[in-house]
Every structure is written in structure tokens, then in C-alpha cells.
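Please look through the following structure with its sequence alongside.

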Amino acid sequence: MLEIKFLRENPEAVKASLRKRNWDEEALQVVDEAIALDAERRQLQTELDALLAESNRAAKEIGKLYREGRREEAEQLKQRVATSKAKSKELEEALERAKAGLEDKLLAIPNILHASVPEGKGEADNEVFQAWEGPLPDLGGDALPHWDLGTKYGILDFGLGAKITGSGFPVFRGKGARLERALISFFLDEAARAGYEEIIPPLLVNKATARGTGQLPDKEGQMYYVERDDLYLIPTAEVPVTNIYRDVIIDKPDFSIKMTGYTPCFRREAGAHGAEVRGLNRVHQFDKVEIVRIEHPDRSYDALEEMLDHVRGLLEKLELPYRILRLCGGDTGFTSALTYDFEVYAGAQRRWLEVSSVSNFETFQSNRLQLRFRDEKGKRHLAHTLNGSALALARIVAALLENNQTPDGIRIPAALVPYTGFDRIS
RNA sequence: GGAGGAGUGGCAGAGUCUGGUUUAUUGCACCGGUCUUGAAAACCGGCGUACCCGAGAGGGUACCGGGGGUUCGAAUCCCUCCUCCUCCGCCA
């Protein structure tokens with residue numbers, strides 16, 4: 001959520017950013033509507049405060065009169081104050097309405113895009129920020145996609161998942177399960193080496209937490225919801241991990257907070273079926289190691305660079321062909337100012353699969369989270385939040401299986417062998 | 001799940017029974033100052049968050065776990081929810 005103060009002072013900058021997100025002129029009205037509601041809210045606040053100040057004075061006076069035994073005068077004053085009570089109730093309700101209305105408008109406005117975000121309508125317009133220079137794996141015509149490899153070697157079973165739960169809940173078994181666990185450990189160890197504190201958070205979160213990182217209200221439909229307990233299954237570790245710092249004021253200005261967490265992620269993703277979503281390409285439950293950072297606004301873009309380097313390092317150690325996209329205005333997420341996507345090449349499908357999304361949210365999340373820090377003078381400012389996948393497991397497994405298939409089985413990259421305990425799935 | 005107890009500022013902890021000079025006592029921590037070669041101690045002063053008004057100085061409002069209510073007035077009384085502690089039950 002943008003700060004109302006920023007909106008008030010920079011309406012044109014906000015509108016320019018919305019245009020870059022391909023909003024039409026009519027939709028831009030929300031900016032002026034928010035500013036109008038804010039003016040109304042401030043007006044009402046001023047009136048209410050004045051009225052309450054008067055009531056407070058009267059209440060004190062009444063107390064004083066009683067103590068002095070001047071009951072008659074006290075009763076008279078009570079009569080007079082009673083009328084202003086109705087008025088203040090009215091004002092209070094009007095103020096609540098204005099605040100709620102303003103909040104609705106603010107929640108509808110996405111983050112301001114970073115200057116480097118390219119123009120564009122959608123996926124096709126994303127900028128290739130770093131292309132893959134090397135050769136793409138040439139597997140020949142009879143290479144198997146990972147879902148067939150999974151069956152062939154008995155390591156992935158989608159039918160079994162469908163039986164136990166439903167479509168989109170794969171079962172890993174044997175060396176497949178072991179490979180999954182090896183990747184999780186590998187990613188966590190790499191993150192630890194890079195200075196990230198490991199977190200094991202709850203997998204179900206309450207409404208306040210889901211709101212904090214922006215899943216509510218904009219992505220409510222994507223989360224599994226446990227009605228009986230009013231809790232949501234997390235769609236990513238970003239949600240519980242970032243919320244560790246909800247309502248926190250960091251005391252020193254030279255902070256840099258780096259956290260990592262492995263969690264299963266649950267996404268309803270009600271969408272298309274077909275080749276694009278076959279196998280592990282898109283599932284309702286997948287494992288992911290996330291990295292989260294909380295940074296001073298002056299340093300957040302340096303941190304973003306570091307995160308890109310970190311993810312690059314992982315993919316190189318896994319020997320996977322990858323490229324980095326800088327998302328265009330039309331494809332950048334609601335809460336993000338700048339997002340880089342990492343894609344790996346899955347040789348049998350001959351497709352690039354998104355395996356990581358690394359974003360700087362600037363103050364968009366921290367405003368909702370009330371996540372602040374004190375500067376050298378003790379003044380409070382919103383911190384910047386960032387996060388990235390490092391990495392999303394399911395599609396990494398898909399690419400590893402496909403690219404490394406040989407007549408003698410599936411080769412495990414050297415960096416992973418210490419974790420799997422085997423160098424081949426056959 | 002059942003019974004009981006408790007949630008007050010960064011921390012500790014009073015105030016709640018009996019509503020009103022309580023603009024929440026006190027201590028610790030923290031910041032500034034005096035003293036000191038320096039530090040400690042002592043002493044003096046400061047010390048929350050959000051919003052509104054104001055060029056500023058400053059002023060106002062709200063906040064004692066969350067929400068609602070009673071009242072001219074609520075940390076204090078009532079309702080409700082949450083969390084924690086103790087005991088019981090269930091349980092990996």
C-alpha cells in the first residue's frame with residue numbers, strides 16, 4: 001500500500017506509473033478519489049478532535065464541581081454535554097467511513113514502478129536482462145519430458161497424488177524424494193553461507209499476516225483457506241518470514257536483515273490445463289527456499305543485486321542453463337517496484353520455466369507492515385523489503401531430470417551429490 | 001476440549017476491589033547536562049506510537065492485549081474475542 005502522504009504530494013508520478021502498468025485514463029481516477037477522501041478524512045478528524053477536546057474539558061469540570069459539592073451546576077453541565085455526544089458519535093462514524101473508503105482506494109493502487117522497468121503489456125514484453133550465452137542442451141528427438149521420466153524411474157507419481165488429494169499434488173518417492181530433500185538442504189546451506197538466518201515459520205497464517213505482505217485482499221483467491229480456524233495456507237515463505245518484522249521499529253540505521261526459510265507452498269492457481277501446466281510445471285503444492293531481506297532505502301537496490309548474484313550462483317552450481325528477465329510494467333506484480341525472473345531451460349519440453357522471482361517492494365509492504373527504522377536522529381522511516389526464490393524446487397527438478405537424462409539414467413550435478421548420496425538415478 | 005489465573009510504556013512492576021487533581025506511580029535501561037584528566041557514582045533534565053491543526057514554536061485527539069458497551073467521565077465497571085501461565089483431558 002502506498003503512503004497517502006506520497007500520493008497527496010505526487011499524484012502525477014503515481015498516475016505515470018499506473019499508465020506504465022497499462023491502466024486506462026478512467027481507472028486512474030482512483031488516485032484523485034483517494035486524495036479527495038483523504039481531504040475529507042482530515043477535515044472530519046479536525047472537527048472530531050475539537051469536539052472531543054471540548055467534551056474532555058467539560059468532563060473534568062463536572063468532576064471538579066462534584067468534588068466541590070456543587071451538584072446543581074454539575075447536573076446542568078451534564079445536560080449540555082449530552083447533546084455534543086450524539087454529534088461526536090456522528091462525526092466518528094463519518095470519519096470511519098472516510099478512512100475505510102480511503103483504504104479501499106489505496107488497496108487498489110499498485111506499487112510505483114522503478115524507473116528501469118520496461119514498457120510492455122505482458123509476458124511477451126519482458127526484457128531479457130541476461131541471456132543464456134552457452135549452448136542449450138541438445139537431447140535429440142526421443143528425449144522424455146520429466147513426467148515420463150518420473151514414471152520411468154519410479155520417482156514421481158502424479159496419479160498417486162491425485163488419488164490421495166487431487167490434481168496438482170505430486171508424490172515424490174525413492175530417489176525422487178531424496179533429490180527433493182537434497183535440493184532443499186543445498187539451497188539452505190548456500191543461503192546460510194551467504195549470511196541468511198534460517199527460519200522455520202508456521203505454514204498457516206492469520207489475516208493480519210496475509211494482509212501485511214499484500215496477499216490480502218488482492219490475492220485472496222490464490223490461497224487455501226481454513227474456514228474453521230480463519231487461517232490461510234501460505235503461498236510462499238515470504239508471508240510468514242517477512243511478517244516477523246510486522247509492527248517493528250528497528251533501532252539502528254545501519255541494519256541489514258537477511259532471512260531464509262524452506263517451506264512447502266500452497267497455491268490454488270485456478271487456471272488452464274494442458275501442456276503448459278503438465279507435470280511439475282504448475283502444481284498446488286511445491287517446496288521452495290525463499291530469501292527475504294529488510295534494508296535501508298539507500299541500500300535496497302544493492303541488496304537486490306546481491307540477491308541476483310546469489311540465485312545465479314545456485315543455478316551455475318546446478319549446471320542449469322538460465323536467463324534473467326526484467327519484468328515489464330504489464331507483468332510486474334501488484335506489490336513490486338522491480339522484479340527479475342529467473343528461468344531455466346527444460347530441454348525435453350524445449351521451454352523456459354520460471355524458477356525464481358526476485359523483487360524489491362521498497363516501502364509498499366513495509367507501510368502495511370508498519371516496519372520502520374530509526375535514523376541517526378531517531379526519526380522513523382519505512383524500511384524496504386525484498387524477497388526472492390532461491391529456489392523454487394518443483395521446476396528445478398523438472399529441468400534437472402530432463403536435461404540430465406542419459407541412456408544410463410539421470411545424472412546428478414556434482415554439487416548435489418554430497419546431498420543425495422548418489423550420482424545417478426537409474 | 002475442561003477448570004482456574006494473568007495481559008499496563010524498551011524491560012520490571014504499581015494502579016483495577018471503591019470510575020474523577022492519574023496530563024499512568026516507581027525502578028531499570030537509554031539520551032543530554034553538571035561534576036571529573038577520563039570513566040563510574042551522584043545530581044539535574046529528557047525519554048512511547050498513530051493521526052489532526054500549525055511556517056515554526058507549539059497545540060489537540062486516540063491508544064493500558066483486540067473489538068464493542070455503560071457513563072458527563074473508563075487502565076479501573078459490563079460483554080465478547082485473542083494470547084500467555086497453572087492443573088486436568090487428549091496426543092506425535
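Is Cys 328 buried or exposed? Cys 328 is buried, at 0% relative accessibility, where buried means under 20% relative accessible area, exposed over 50%, and partly exposed in between (1.4 Å probe, protein chains only). Cys 265 is likewise buried, with a relative accessible area of 0%. A search of the whole structure for disulfides, each being a pair of cysteine sulfur atoms within 2.5 Å, finds 0.

The model is predicted, so local features need pLDDT of at least 70 and side-chain atom pairs count only at pLDDT 80 or more, while totals for chains, interfaces and linings use all residues. Residues are numbered from 1 along each chain as its sequence is written, chains are lettered from A and ligands numbered from 1 in the order in which they are written, and side-chain values use heavy atoms, with hydrogens and water left out.

Chain A has 426 residues, of which 48% are buried. Its secondary structure comes to 13 helices and 19 strands; these are DSSP runs numbered from the N terminus, with helices (H or I) of at least four residues and strands (E) of at least two. Taken along the principal axes, the box filled by the C-alpha atoms of chain A is roughly 100 × 45 × 45 Å.

Next come the charged side chains. Side chains of opposite charge can pair when their charged atoms come close. With a salt bridge taken as a side-chain nitrogen of Lys or Arg within 4 Å of a carboxyl oxygen of Asp or Glu, the count is 22.

Glu 9 is exposed at 52% relative accessibility, whereas Lys 5, at 48%, is partly exposed.

Lys 15 and Asp 32 also meet in a salt bridge, at 3.0 Å from N to O. Because Lys 15 lies in helix α2 (residues 11-20) and Asp 32 in helix α3 (residues 29-67), this pair ties together parts that are 17 residues apart in sequence. Lys 15 is buried, with 12% relative accessible area, and Asp 32 is partly exposed at 40%.

In a further salt bridge, the closest N and O atoms of Arg 211 and Glu 103 are 3.3 Å apart. This pair links distant parts of the chain, with Arg 211 in helix α8 (residues 207-212) and Glu 103 in helix α4, 108 residues apart. Both partners are partly exposed: Arg 211 has a relative accessibility of 33% and Glu 103 one of 27%. Salt bridges also link Arg 8, Asp 38, Arg 41 and Arg 42 in a network.

Helix α4 (residues 71-107) also holds Glu 90. On the surface, Glu 90 gathers with Glu 92, Glu 93 and Glu 96 in a patch of negative charge. Patches of this kind are made of residues with over 30% relative accessible area and no salt bridge, like charges being joined within 9 Å.

Gly 140 lies in the loop between β1 (127-130) and α5 (146-153) and is partly exposed, at 29% relative accessibility. Gly 140 and Gly 347 are 207 residues apart in sequence, but their C-alpha atoms are 9.4 Å apart in space.

Most residues other than glycine have a negative phi, and most peptide bonds are trans. A cis peptide bond joins Leu 216 and Pro 217, with omega about 0 degrees; Pro 217 is in the loop between α8 and β6 (225-226). The peptide bond from Ala 390 to Leu 391 is also cis, with omega near 5 degrees, and Leu 391 is found in strand β16 (residues 384-392).

Which non-glycine residue has a positive phi of about 45 degrees? That residue is Glu 362, placed in strand β13 (residues 351-362) and partly exposed at 21% relative accessibility. Gln 370, not a glycine either, has a positive phi of about 55 degrees. Gln 370 lies in the loop between α11 (364-369) and β14 (371-374) and is partly exposed, at 28% relative accessibility.

Terms used: Patches are made of residues with over 30% relative accessible area and no salt bridge: like charges are joined within 9 Å, nonpolar side chains (Val, Leu, Ile, Met, Phe, Trp, Tyr) within 5 Å. Accessible areas come from the Shrake-Rupley method with a 1.4 Å probe; for residues, only the protein chains shown count as cover. Lys and Arg count as positive and Asp and Glu as negative; His and the chain ends are not counted. The place of a charge is taken as NZ of Lys, CZ of Arg, CG of Asp or CD of Glu.
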